[in-house]
Amino acid sequence: MLNHTNQNPEQVARDLIDKMLTDAGRTVQSKNEVDFYAAKGIALREYQAGNGAADYILFINRKPVGVIEAKREEEGHRLTVVEDQAVRYAVGKLKHFDNEPLPFVYESTGTVTQFTDYRDPKPRARNVFSFHRPKTLQGFLKEKATLRARLNTLPPLPEEGLRPAQIKAVRNLERSFKENRPKALIQMATGAGKTFTACTFVYRLLKHADAKRILFLVDTKNLGEQAEQEFRKYQPRDDNRKFTELYNVQRLNSSYIAADSQVCISTIQRLYSILQEKQLDEVSEQENPNERGWQPKDPLPVGYNATNPIEQFDFIIIDECHRSIYNLWKQVLDYYDAFLIGLTATPDKRTYGFFNENVVSEYTFEESVTDGVNVPYDIFTIETEITKNGSSLRATEYVDFREKLSRKKCREQLDEDYIYQPNALDKKVVNPNQIRQIVKAFKDCLPGIFPDRYNEQGVFEVPKTLIFAKTDSHADDIIKIVREEFGESNEFCKKVTYGSKNDREDADGNVIEKGEKAKDVLKRFRSSWNPRIAVTVDMIATGTDVKPLEILLFMRDVRSVNYFEQMKGRGTRTINFDDLRKVSSTAKHTKTHFIIIDAVGATKTKKTDSRPPERKRSVPLKALLEAVTYGNTDEDLFTSLANRLIRLDKQLTEKEKTRVVEITGGKDLKHLVKNLLNAYDPDAIAGKTAEHLGAIPQAEQTPAVVEDCEETAREALLVEAARPFTGELNTYIENARKTHEQIIDHINLDKLLRAEFDSFTEDKTRKVVKDFKEYLAENKDEIRALRIFYNQPYQRRDVTFKMIKEVMERLKADRPQLAPHYVWEAYEKLEEVKDDSPKTNSSPSSRSSGGSRNWTVR
C-alpha cells in the first residue's frame with residue numbers, strides 16, 4: 001500500500017504512475033540513475049525532449065518509443081487539454097538520440113489514463129486501465145500497420161449463406177470498426193442467429209485484420225458450451241476447413257489461457273476470478289449471476305494482473321449483454337483495452353447507454369417472423385380459483401409439513417388459522433390439487449390446440465413442451481403430477497435445471513447410482529422422442545436452442561420484461577419438417593407457430609425494464625453467501641448476512657450446528673455472525689488497532705503510523721469475517737435452510753375457472769386473416785391463379801393444382817408468417833371454414849383422383 005501522507009498531489013500521481021509502470025513490467029529510473037541494460041522496458045523520468053522535460057520517456061531495448069504526460073488526480077478532467085503538450089514531447093528530438101517522432105503517447109493521473117497510437121489512420125485517445133507491457137508495444141512496432149489501420153482494409157463481405165439481417169449486422173459492425181468506435185451493439189431477435197453472426201465476423205477479424213485474440217464472453221457455463229459447439233461446426237465460405245481447423249478455440253475452465261489460443265470462451269465469473277487470482281467453483285458458472293438477487297452497491301475493485309494484462313484481447317464479444325455489463329462485471333470489461341461488441345435480443349435503456357447508443361443492427365422479433373426466421377405465438381390461458389385468490393386452512397386441521405430438501409413429511413395440527421395468498425404457493429405452501437388442476441387442464445386442451453397430432457393407432461402425441469417452474473421443489477411436484485395425469489413413465493417428463501443429475505440416493509442421501517446430467521437430458525429433449533415434457537427453473541430459460549419446442553407452459557411469473565422475452569424466445573425457433581418429424585412423428589407440417597400456455601398470469605402482469613436496483617429485503621440467502629465468497633465486503637451485505645444467520649441458527653438442529661463447526665474449523669454460526677458485525681464495529685476496529693500499535697514503540701506512533709495500523713486492523717477484521725464462507729460452507733448452509741418446512745394443503749380442492757385462448761389472440765387471428773386477404777388482393781394481377789380467381793366469372797374459374805402451388809411458393813417467399821396451416825387455423829378459430837384443414841403435402845394426382853376438394857372460406 002502506498003503511503004501518500006505529506007505528499008503534494010503531483011508526487012502522489014507520480015507514485016501511482018511508477019507503480020503502474022512497474023506492474024506492467026518496466027523499470028522506472030531517474031535521469032541521474034540511467035541503466036538502459038537493467039531491463040527491456042525502461043521508463044525514464046524528467047528526460048529532455050525538444051524544448052522541455054517530458055515526465056516519462058518509454059524505452060524498449062534502449063530505443064525511445066513513447067511518452068507519458070503526468071498530471072495530478074484533480075486534472076483528470078483536463079487530460080484532453082494536455083494532449084498537445086504530450087505530442088510536443090513525442091515529436092521533439094530527445095537529448096542524445098536521433099529519433100523519429102515517438103508513436104505511443106499516454107496522459108495519466110495514476111487514476112485515469114488515456115492512450116493514443118499516432119500511427120493509426122485517425123489517431124484518437126482512448127481510456128486504458130493501465131500501461132501496455134514493453135513486449136506488447138514492441139509487437140505493435142513490428143506490425144506493418146496498426147489494428148485500426150487493418151480494420152480499414154477489410155474486404156467486402158460475401159453474402160452467400162447469410163440472412164439479410166446477418167449481412168446488415170456484419171457490414172455495419174465493420175463500418176463501426178473503421179470509424180474506430182470502441183463499442184457496438186447488435187440487437188437481434190432470439191433465434192435469428194446471433195452466434196452464427198459472431199462466428200462470421202470473428203473469422204473475418206482473424207483472417208483479414210490479423211486480430212491476435214478474441215474473447216467470447218458468456219454468463220453461464222451452458223452458454224459457453226453452446227458457443228464452443230457453434231464455432232466447432234462453423235464452415236467458412238472461402239475455405240474447405242472448419243473454423244477449429246484454422247484457429248484455436250479454447251473454452252476456459254481454469255485460469256490458464258493458452259498462448260496460441262485465438263478465440264477464448266469464458267464466463268464473466270471465471271474471467272473475474274482470473275483477474276482476482278482466485279479459484280472458481282464450477283457451480284458458480286452454472287447460474288446467471290444477474291439472477292442471484294444480491295448486487296453490490298459499488299463495483300468490486302479490479303486490480304492490474306501481470307499474467308492477464310490489459311492487452312490480452314483485441315475484441316470482446318459479450319453474449320446476452322443486457323445481463324453482463326452491470327455492477328461488478330462492468331469493471332471486468334473496462335479492464336481490457338479491446339473493442340466491445342454486445343449481442344442481445346432484449347436491450348434496455350442501460351444497454352443502449354453502455355454501448356454509447358452505437359446500435360449497428362436492430363432486428364426485432366416481429367421482423368424475424370415476417371422474414372420467416374422465427375415463428376409467431378398464440379396465448380392460451382388456464383386460470384384456477386386458488387391460483388387467482390389463494391386459500392386458507394383452519395386451526396385444528398391436521399396438515400403435512402414437508403422439508404423442502406429431503407421432502408420428508410410429518411403430520412401436525414395447526415395452532416391457528418392460516419391464510420395464504422397466491423404468491424405463497426409452492427414456496428411456503430404447496431397445494432398439490434392446484435398443480436394437478438393446471439396439469440389436467442393442460443392435458444385436456446392439447447387435442448383442441450393440436451387436433452392433427454394422433455398417430456395411426458389413435459393415440460395423441462404430446463408436442464414438445466417446456467414448463468417453467470418456480471423452484472426445484474416445485475419442479476419435482478410438477479413432474480410427479482405430469483407423469484401421473486398423462487399415465488406415462490419417468491422418461492416422458494424430466495427436470496432440466498442447474499445441478500439436476502437424477503441420481504439415486506440411499507436413506508442417508510448418499511449417491512448409490514449416478515444419473516443423467518442435465519445437459520444430457522437437454523440433448524435428448526432436443527433430438528429424441530423422449531422426454532416429451534421438460535421442466536426447468538433456470539437452465540433453459542435463456543440462451544439455449546431447442547428448436548422442436550411447440551409449447552411453453554408458464555407455472556412461474558417473472559417481473560423483468562427482458563427475462564420474460566428471453567423465456568418466450570425458447571419457442572420461437574424454426575425447424576424444418578424432416579427434423580421436426582424425427583422427434584414429433586405425428587406432425588403434418590413444419591412448425592408454423594408455438595403456443596404459450598399461461599397458468600399464472602405471466603403474460604398480463606406488469607413487467608419492468610430490469611431488476612430494481614435495491615432488493616435487499618428479498619435477496620436469497622444463497623446470493624448473500626456467494627457475494628461474500630466473491631470478495632465483496634459491503635457493510636450492508638455483512639449486516640444482511642449476519643441477520644439471516646441469526647434467524648437460521650434458531651432453526652438448525654444440534655446435528656446441523658455441529659456440522660457447521662466441523663466445516664469452519666471450530667466456528668459456530670454465532671461466531672460467524674459476531675465476526676461479520678465486528679468488521680464494521682468502531683470498538684472492534686479500535687481494539688484491533690490497539691493490538692497492532694502495541695508492537696510499536698510509543699515514540700514511533702506518528703499519525704501516519706496510526707492510520708496505517710487502523711487500515712490494517714480493518715482489513716484483518718474483514719478477512720476474518722469473510723474467510724469461513726467457502727463453497728463448502730455456503731452449500732451446507734443453503735441446503736440446511738432448504739430442509740425447513742412447507743405446509744402441504746391437501747384439504748382445499750382447486751377449481752378450474754377457465755381454459756381458453758387469450759382474448760387478444762382473437763385480435764391477432766383476425767389480423768392474420770386480414771393480412772391474408774390483403775396479400776391475395778395485392779397480388780391478384782401477378783399470380784396466375786389469383787388473376788383467374790379474381791377476374792373471371794365464377795363458372796370459368798379453372799384453378800389447377802400447379803397454380804395453387806404457385807400461390808403457396810410466393811407466400812413462403814414473401815410472407816412466411818402466412819403459412820397455409822397457420823392461416824387455416826386462424827379461419828377455424830373465427831369459424832369461417834366449411835371443410836377439413838388443407839393437406840399441403842398431398843400430391844397433384846391424389847387430389848384429382850376421387851374428385852376435387854372444395855376448400856371454401858367466407
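This note covers cysteines, aromatic rings and charges over rings in a predicted model.

1. Ground rules. In this predicted model, local features need pLDDT of at least 70 and side-chain atom pairs count only at pLDDT 80 or more, while totals for chains, interfaces and linings use all residues. Residues are numbered from 1 along each chain as its sequence is written, and side-chain values use heavy atoms, with hydrogens and water left out.

2. Cysteines. A disulfide is a covalent bond between the sulfur atoms of two cysteines. The test here is a pair of cysteine sulfur atoms within 2.5 Å. The count is 0 disulfides. C321 is buried, at 0% relative accessibility. C493 is buried too, at 0%. (Buried means under 20% relative accessible area, exposed over 50%, partly exposed in between; 1.4 Å probe, protein chains only.)

3. Aromatic pairs. The whole structure holds 34 of them. One is F554 with F564: tilted, 5.3 Å centre to centre, 55 degrees between the planes. (Rings of Phe, Tyr and Trp, the last by its six-membered ring, pair if their centres lie within 6.5 Å; planes under 30 degrees apart are stacked, over 60 edge-to-face, the rest tilted.)

4. What does the F554 and F564 pair tie together? F554 lies in strand 26 (residues 551-554) and F564 in helix 18 (residues 561-568), so the pair links parts 10 residues apart in sequence. (Helices, H or I of at least four residues, and strands, E of at least two, are DSSP runs numbered from the N terminus.) F554 is buried at 0%. F564 is buried at 6%.

5. Cluster. F196, Y203, F216, F231, Y234, F243 and Y247 form one aromatic cluster.

6. Charges over rings. K183 sits over the face of F354, 3.9 Å from the ring centre. K443 sits over F486, at 5.9 Å. (The rule: NZ of Lys or CZ of Arg within 6 Å of the ring centre and within 35 degrees of the ring normal.)
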